[in-house]
Every structure is written in structure tokens, then in C-alpha cells.
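The following note comments on the structure under review. The points are numbered so that each may be checked in turn.

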Amino acid sequence: MAKPVEAESSFVSDNARQAEAVSVSASTPVADGPPSAGDQPKWASPEFGAIYEEHSRQIYYVALRFLGDPTQAEDATHDVFLKAYRKLGEFRGESAMRTWLYRITSNHCRNLLQTWHQRNMVSNADDTLWETAVAAAESPLRVLEIKELGQRIQQTLDGLPPEYRLLLLLVADQQMSYKEIATLTEQSPDAVRGKLHRARKAFIAQFQKFT
Amino acid sequence: MNPKIPKLQQQQKQEAVEQTGQLRTAREFASVEEMLRDDAAQTSPPPRLAHRVAESIAKEPKPGRSWWQRLFSRRSADL
């Protein structure tokens, strides 16, 4: 029997995976403009629509803060859910759906980071993001605070090794235990705990540079 | 749901707070995780993304059912 979970389980990239990561984006249709408010997407599979509704916010957030670019995060989230749809028949239920989606996300984002294109790309981070992401009901001062904090968090995460960045983003999700993160990243819970300890220290040291 | 998870999460939270101290910004956060959770709560995917995913999926062949879905449908048919 095929082992689909293992197929997505390694962080080690190869050319085929890189090509796959890029090719899905390249073939993706882009919407012409923002849909009007209340315009709900028409899902060919309502069950998958429910999966998207439940997990897309967190998957997008991890992709955004891992990649550091809103446009790439959008493309990556699209590709993650498309891959998940294609592999849904192989999902064995041995892990939670969220964990399975994170596995696809981390592999996909790592592959993207390793491409030449990504290494040489100039980021347009945060300005476009915050125009759409912050709730309209927030006060201007609060919007500014949120925007500045988001930029500071992104600068801080950008200065950390990718592994630390990923571990912090995963553990910030309250649905994820050390054990689940350990399974996802193929290491022991103790190793996760030790690396998280160092990752927190590194985050704080880096964060304080941007005061 | 695994009853051990809330206790484990409590331990995780305690570790995070002990190792972090307080992170001072316009708001104070007890841990790195708390700050990232707050950041995540303020971050939404663009509304057009759901439409993009739905459009792409509409062009895909229907995926096969997973082994456990097939197993349970067979069992319920046998009953």
C-alpha cells in the first residue's frame, strides 16, 4: 500500500519536488479582482469547502510568516489546498487533518525557499497584506499598532533559522502538541522541546533589536 | 478527544512563559506563542483566495475515497 503521509513527511528537498512546488503555482488561475462582500465560493466538494474554511486561516498565516511575502503566501496556500485535495484519498486519518495540512505546507514552503527564484526575490511584505487583513472596525491607532507589530514579528522571524521559525509558528497553534510537532518534523518530543527553548531565546534576542 | 491534551498544552504554555519573560510592545505578551497567536488572529487570507482554490478544485477530477472511508462504507453495506 502506498504511504502518502511519508511522501509528504521529509523536509529534504529534491529537484522533482521543487519543480512540483513551482509548477502548481505557475498553472494557477488568478482571480481578476476581489469578489464582492458576501460572495461565497462555489465548492465542487462541500466537504472540502468545510476543510478549507476550518484550516485556511492558520495555513495562510504559517505560509505568510514562513515565506515573509503575502503574494507568495497566497500562492502557497492555494497550492497546499490543491495538493491536499488531490491527495485526500490517501489521507489515512493517522494524524489530525490540521497536522497533515501543516506537513504539506512545511514541505511546500521549504521547497519554495530553496528555489533560486525565491532566494533572489524582492519582498513586498506587509504593506499589501495589512491593507486587507486588519479588520475595518479597528481604530487607526490600533491598525498602526497591529501593522508595526506584524512587521516586527516578520523581521524577527526572517532573522531566525527556518527550522526555528517553523517550530515557533507550529507551537503557537494551540491545536498542536509537542508530540504532534515532533511527528510532523520527524524528531523526538524532547528534541522539539530543546529546539523550542533555543528558538524562543533567539526570537526574543532578535525581537529586541527592532525596538 | 484525547483528555491528556489540555494538560499537555498547559505544560507547553507554562514552559513558554517561563522561557520568555515578558515581551513588551504596545501590548505585553506573556510568551512568544501568545504574541504569534495574536498576530495570527489579526491576519486573514485574502477573500479571493477561497475563490481561487474553489475554481482550481472544480477543474480537478474527483479524488478517490480514503482507505478508511471505503472500509466503513463496506462495513455499513454489510450490516
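1. The model is predicted.

2. Which residues does A:Lys195 contact, apart from its neighbours within four places in sequence? They are A:Glu163, A:Tyr164 and A:Leu167. For A:Leu167, the separation from A:Lys195 is 28 residues in sequence, while the C-alpha atoms are 8.1 Å apart in space.

3. A:Leu167 also belongs to the largest nonpolar core, which has 51 residues. Together with A:Ala63 and A:Leu168, A:Leu167 touches the most other members of that core. The largest share of the core, nine residues, is supplied by H3(A).

4. Setting aside residues up to four places away in sequence, A:Ala63 touches A:Ala73, A:Ala76, A:Thr77, A:Thr105 and A:Cys109.

5. Helix H3 of chain A covers residues 46-67, 22 residues in total. From first to last C-alpha, this helix reaches 29 Å, close to the 32 Å expected at 1.5 Å a residue.

6. As to overall architecture, chain A contains eleven helices and zero strands. Of the 211 residues in chain A, 37% are buried. When contacts in chain A between residues at least 6 apart in sequence are considered, 74% of them join residues at least 24 apart.

7. In chain B, helix H2 (residues 32-41) has the buried residues B:Val32, B:Glu33, B:Met35, B:Leu36, B:Asp39 and B:Ala40. Viewed down the axis of H2(B), the buried residues fall within an arc of 160°, and they therefore line one face of the helix.

8. Chain A has a mean pLDDT of 79, with 71% of its residues at 70 or more. Within chain A, confidence is highest in helix H4 (residues 70-86), at a mean of 97, and lowest in helix H1 (residues 4-7), at 38. Over residues 1-33 of chain A, pLDDT stays under 50, although the model has 41 contacts beyond four places in sequence for this stretch.

Notes. Residues are numbered from 1 along each chain as its sequence is written. Chains are lettered from A and ligands numbered from 1 in the order in which they are written. This is a predicted model: local features need pLDDT of at least 70, side-chain atom pairs count only at pLDDT 80 or more; totals for chains, interfaces and linings use all residues. pLDDT is the predictor's confidence in each residue, from 0 to 100. Helices (H or I, at least four residues) and strands (E, at least two) are DSSP runs, numbered from the N terminus. Two residues are in contact if their C-beta atoms, placed from the backbone, lie within 7 Å. A residue is buried if 20 or more other C-beta atoms lie within 10 Å of its own, exposed if 12 or fewer, and partly exposed in between; C-beta atoms are placed from the backbone. The expected span of a helix is 1.5 Å times one less than its number of residues. The arc is that of the directions from the helix axis to the C-beta atoms. A nonpolar core is a set of buried Ala, Val, Leu, Ile, Met, Phe, Trp, Tyr and Cys residues joined through C-beta atoms within 7 Å.
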